[in-house]
Amino acid sequence: VSRMDLKKDLDSKELLQLVTFRLGNEEFSLDILRVQEIIRHMELTRVPRTPEFVDGVINLRGRVIPVLDLRKRFGLPTGERTNETRIIVVDVDSRTVGLKVDAVSEVLRLPADTVEPAPAIVTGAESDYIKGVGKLDGRLLILLDVEKILTRTERDALGLVA
């Protein structure tokens with residue numbers, strides 16, 4: 001994503017409303033409009049022959065939802081489940097998916113003009129899901145593009161699960 005592409009996507013006067021969460025020591029964020037709800041971690045049912053980063057499925061008010069472990073998805077070491085572990089329920093390509101995270105931090109507003117494109121060293125096919133890096137009070141927030149967390153093939157495969 002070049003600076004021009006990012007600027008086309010983001011109006012510099014716009015305030016982004018983000019849900020921030022932690023994976024290890026890193027702080028990530030998602031557009032709040034993509035988030036349906038945030039729930040405590042619950043028992044998962046494992047599903048055979050799904051990608052490694054799919055932890056399983058949950059039954060959320062009668063709907064079966066696949067839950068992705070974002071640590072595994074991003075190649076981070078697996079963490080222990082704690083009282084802070086949450087599942088962020090989001091819409092991806094008109095499908096509902098749960099994203100398992102270490103902790104949800106806060107909801108905040110970030111001026112769009114404080115968002116920089118991701119540094120070239122971290123961009124590539126594997127990191128298309130990074131929309132940019134936001135700066136706020138000395139913190140760096142990695143902005144994720146929910147639509148790109150999964151490849152088309154992975155989305156199709158999960159369509160069979162959900």
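Before going on, I noted that the model is predicted, so local features need pLDDT of at least 70, side-chain atom pairs count only at pLDDT 80 or more, and totals for chains, interfaces and linings use all residues. Residues are numbered from 1 along each chain as its sequence is written, and side-chain values use heavy atoms, with hydrogens and water left out.

**Entry 1: the whole chain**

I looked up the parts list and got 3 helices and 11 strands. Here helices (H or I, at least four residues) and strands (E, at least two) are DSSP runs, numbered from the N terminus. Read along the sequence, I wrote the pattern down as α-β-β-β-β-β-α-β-β-β-β-β-β-α.

How much of the chain is buried? I found that buried residues make up 44% of the 162 residues. Buried means under 20% relative accessible area, exposed means over 50%, and partly exposed is in between (1.4 Å probe, protein chains only). The accessible surface comes to about 9,200 Å², and 50% of it belongs to carbon and sulfur atoms. Those areas come from the Shrake-Rupley method with a 1.4 Å probe; for residues, only the protein chains shown count as cover.

I also checked contacts, meaning heavy atoms within 4.5 Å. Of the contacts with a separation of 6 or more, 60% are between residues 24 or more positions apart.

**Entry 2: the open sheet**

Which strands make the open sheet, and in what order? I read off 6 strands in the order β8-β1-β2-β11-β10-β9, with mixed pairing. The edges are β8 (103–111) and β9 (115–116); each has a single partner strand, so one side of each is left without a neighbour in the sheet. Two strands count as paired if DSSP finds at least two bridges between them. A reminder to myself: strands of a sheet pair through backbone hydrogen bonds, either parallel or antiparallel.

**Entry 3: β10 and its partners**

I went back to β10 (residues 130–136), which is joined to β11 (residues 139–144) by 6 bridges, and the two run antiparallel. Walking along the pair, I found lysine 135 opposite leucine 140 in β11 and leucine 136 opposite arginine 139. Their hairpin has 2 residues between the strands, and aspartate 137 there takes a positive phi near 50°.

With β9, β10 pairs in the antiparallel sense over 2 bridges. Valine 115 has glycine 134 of β10 as its bridge partner. I also noted that β10 is mostly covered, with 5 of its 7 residues buried.

**Entry 4: isoleucine 142**

Next I picked isoleucine 142 in strand β11. Is isoleucine 142 buried or exposed? Its relative accessibility is 18%, so isoleucine 142 counts as buried. Leaving aside neighbours within four places in sequence, isoleucine 142 is in contact with Glu27, Phe28, Ser29, Ile130 and Gly132. For isoleucine 130 I got a spacing of 6.9 Å from isoleucine 142, C-alpha to C-alpha, although they are 12 residues apart in sequence.

On the β2 side, 2 bridges join β2 (residues 26–31) to β11, and these strands run parallel. Serine 29 is the residue standing opposite leucine 143 in β11.

**Entry 5: leucine 15**

I then moved to leucine 15, in strand β1 (residues 15–23). Leucine 15 counts as partly exposed because its relative accessibility is 47%. Beyond its neighbours within four places, leucine 15 is in contact with Arg109, Leu110 and Pro111. Aspartate 113 is 98 residues from leucine 15 in sequence and 8.7 Å from it in space, C-alpha to C-alpha.
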